[in-house]
Amino acid sequence: AVVIGGISLAGGRGTPWGALIGALVLGIVTNVIYFAGIPSIWQEFFKGLVIVAALAFMVLEQRRTALA
């Protein structure tokens, strides 16, 4: 949840509000997947996909700011 909220796994960046927003987003995604009737094995896959997308976004953002 904290990764989705924008907190770096390397440390040093992020806010408590970002962590809270990440937890809310992950909770909403979990609820939507559950109520859509998706089997549990796929629920974990979709949650992982959201986390990977958040990490990819963070990496792309860091590269963009490093080039500027």
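**Notes on aromatic pairs and a lysine**

1. F45 is partly exposed at 42% relative accessibility, where buried means under 20% relative accessible area, exposed over 50%, and partly exposed in between (1.4 Å probe, protein chains only). This is a predicted model, in which local features need pLDDT of at least 70 and side-chain atom pairs count only at pLDDT 80 or more, whereas totals for chains, interfaces and linings use all residues. Residues are numbered from 1 along each chain as its sequence is written, and side-chain values use heavy atoms, with hydrogens and water left out.

2. Rings of Phe, Tyr and Trp (its six-membered ring) pair if their centres lie within 6.5 Å, with planes under 30 degrees apart counted as stacked, over 60 as edge-to-face and the rest as tilted; by this rule there are three aromatic pairs. One of them joins Y34 and F35 edge-to-face, at 5.2 Å centre to centre and 75° between the planes. Y34 is exposed, with a relative accessible area of 53%, and F35 is exposed at 66%.

3. F45 and F46 also form an edge-to-face pair, with 5.5 Å centre to centre and 65° between the planes. F46 is partly exposed, its relative accessible area being 31%. Ring pairs link W42, F45 and F46 into a cluster.

4. K47 lies in helix 2, residues 40-67 (helices are DSSP runs of H or I, at least four residues, numbered from the N terminus). Its side chain makes a polar contact of 3.2 Å with that of E44, the term denoting a pair of N or O atoms within 3.5 Å, where within protein one must be able to donate a hydrogen and the other to accept it, and residues adjacent in sequence count only if both atoms are side-chain atoms. Leaving aside neighbours within four places in sequence, K47 is in contact (heavy atoms within 4.5 Å) with L26, T30 and I33.

Definitions and conventions
Helices (H or I, at least four residues) and strands (E, at least two) are DSSP runs, numbered from the N terminus.
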